[in-house]
Amino acid sequence: MEGDLAHIGAGLAAIGSGAAAIGVGNVAGNFLAGALRNPSAAASQTATLFIGIAFAEALGIFAFLVSLLLMFAV
Amino acid sequence: MATETTAAEGSSLVFHPMDQFIVKPLFGDGAVGMFTITNVTLWLFLAIVAIVLLLIWPTSKRAIVPTRMQSVAELAYGFIYKMLEDICGKEGVKYFPYVMTLFMFIVCANFLGMIPMSFTTTSHFAVTIPLALAVFLTVTVLGFVKNGAGFLSLFWVSSAPLALRPILAIIELISYFVRPVSHSIRLAGNVMAGHAVIKVFAGFAAIAAISPVSVLAITAMYGLEVLVSFIQAYVFTILTCVYLKDALHPHH
Amino acid sequence: MATEPVNEEVAGSCVDAGGSAIGMPQLCFDWFPNQIFWLVITLVVIFLVLSRVALPRIAAILAERKGTITNDLAAAEDLKAKAVEAEEAYNKALADARAEAQRIAAEARAEIQSGLDDAIAKADAEIAAKAAESEKAIAEIRAGALESIQLVAKDTAAELVTALGGEADAKAIDSAVDAQMKG
């Protein structure tokens with residue numbers, strides 16, 4: 001039954017993906033709010049936007065990775 | 001193991017989401033040695049072919065008024081060139097072929113991986129870790145060659161209060177060494193996750209009642225994955241540029 | 001999944017008898033050397049292809065296009081300057097012609113005026129001369145008339161005197177007539 005525990009752990013780890021989604025949404029939403037206030041500055045900051053999204057998403061990917069490891073590698 | 005619990009029952013629901021990532025020899029059934037020609041070899045080779053078809057073949061006429069394919073090549077060139085120049089400044093332009101190689105390889109491998117039944121090379125840590133390590137080593141060596149011991153000022157945050165600086169230095173040092181880890185796992189993880197999710201939905205398609213939903217979900221995920229393929233290549237490249245900037249101008 | 005059963009010994013520890021993956025294929029270290037080897041070869045090939053062929057070529061195309069555009073712009077600028085010049089020349093010619101026309105008109109007017117003045121002066125002089133001549137002629141005629149009146153008067157007086165039976169003394173008659181005429 002250790003496999004079942006691993007599955008529960010995998011499911012719990014997958015919550016991290018949702019947390020990453022919140023983070024990415026935060027980044028993109030704040031960028032949009034700022035861009036609508038000052039559209040002229042928005043174009044120069046898209047690179048920063050993608051870097052921010054990438055960092056936020058990377059941590060979600062770690063959670064996903066933990067989930068996968070529990071599913072397949074434990 | 002998940003695979004045996006689902007497959008062993010002989011039920012209609014069979015999930016093998018990770019099978020698409022298996023490395024197999026292309027000819028025969030032998031073991032996968034270091035020099036064996038495998039499906040990895042094939043799809044890496046196809047990536048080269050794609051780059052040649054994208055950048056060299058359309059530009060062979062050197063037309064002043066570009067054809068459609070030629071303007072794609074020029075767009076790719078201008079896109080990466082501008083990114084590098086914006087982030088690293090004029091000194092960074094020297095490393096343009098290096099950055100362009102990374103970008104073109106990742107973007108072509110990602111898109112080739114989107115072809116059904118294909119093998120996605122960038123979903124393997126064995127591919128992305130060397131890429132990220134190459135960037136990490138290049139940046140570190142370059143930083144020390146260009147700035148000598150001055151490169152260490154990257155970890156010494158001179159704008160912080162003196163008492164905090166050693167602690168910050170440790171944090172900066174740790175984050176510096178985590179860079180290649182996150183750099184490689186982000187790419188492989190994103191690509192692998194997308195493909196695995198599509199495979200899981202494909203497994204659901206075996207049940208007649210929910211197969212339309214499943215097919216719709218696959219379509220939607222496929223669209224998202226096409227986007228992710230490009231964005232991950234872009235992010236990998238832009239982070240390479242940012243790290244290069246740290247090597248060229250380590251002072252905050 | 002593979003259709004044929006895989007020989008487990010050669011396939012290694014990452015694939016089960018059914019050809020499915022055991023665990024994550026990404027973490028199968030048996031395959032790492034193979035992938036890394038081919039990846040390095042691929043990257044070197046791409047790097048060489050890009051840095052030797054593709055990038056210089058695209059850079060040349062872009063530079064050439066930039067040059068062409070710059071040249072065309074310069075040519076257009078030139079043509080524009082020429083057009084402005086031509087317009088200026090045209091305007092100048094127009095102004096010149098207008099001034100010339102005005103000058104000619106003024107000249108003609110002056111010429112006509114002077115001719116007119118001359119003609120008027122000449123006519124005036126002629127008229128004056130004619131008037132003087134007429135005056136003279138009138139004076140002569142008047143003088144002639146006076147003389148003839150005197151003659152006629154003297155003759156008539158002599159006749160009258162003779163007819164009345166007197167002796168016509170020419171001298172007396174003359175003086176008498178003169179006296180009468182002056183009277």
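Modeller: Two residues are in contact if their C-beta atoms, placed from the backbone, lie within 7 Å. This is a predicted model, in which local features need pLDDT of at least 70, side-chain atom pairs count only at pLDDT 80 or more, and totals for chains, interfaces and linings use all residues. Residues are numbered from 1 along each chain as its sequence is written, while chains are lettered from A and ligands numbered from 1 in the order in which they are written.

Colleague: Which residues of α3(B) are buried, and what do they pack against?

Modeller: Helices are DSSP runs (H or I, at least four residues), numbered from the N terminus, and a residue is buried if 20 or more other C-beta atoms lie within 10 Å of its own, C-beta atoms being placed from the backbone. An α-helix has 3.6 residues a turn, so residues three or four places apart point the same way. In α3(B) the buried residues include B:Ala73, B:Tyr77, B:Ile80 and B:Leu84, and the buried residues of this helix pack against α2 (39–56), α4 (96–113) and α7 of chain B, together with α2 (32–163) of chain C.

Colleague: What span should helix α3 of chain B have?

Modeller: The expected span is 1.5 Å times one less than the number of residues; for the 21 residues of α3 (residues 68–88) of chain B that gives 30 Å, which agrees with the 30 Å between its end C-alpha atoms. Just after α3(B), B:Gly89 takes a positive phi of about 80°.

Colleague: How many residues does each chain bring to the contact of chains A and B?

Modeller: Chain B gives 16 residues and chain A gives 13 residues.

Conventions: Helix = DSSP H or I, 4+ residues; strand = E, 2+ residues; numbered from the N terminus. Buried ≥ 20, exposed ≤ 12 C-beta atoms within 10 Å, placed from the backbone.
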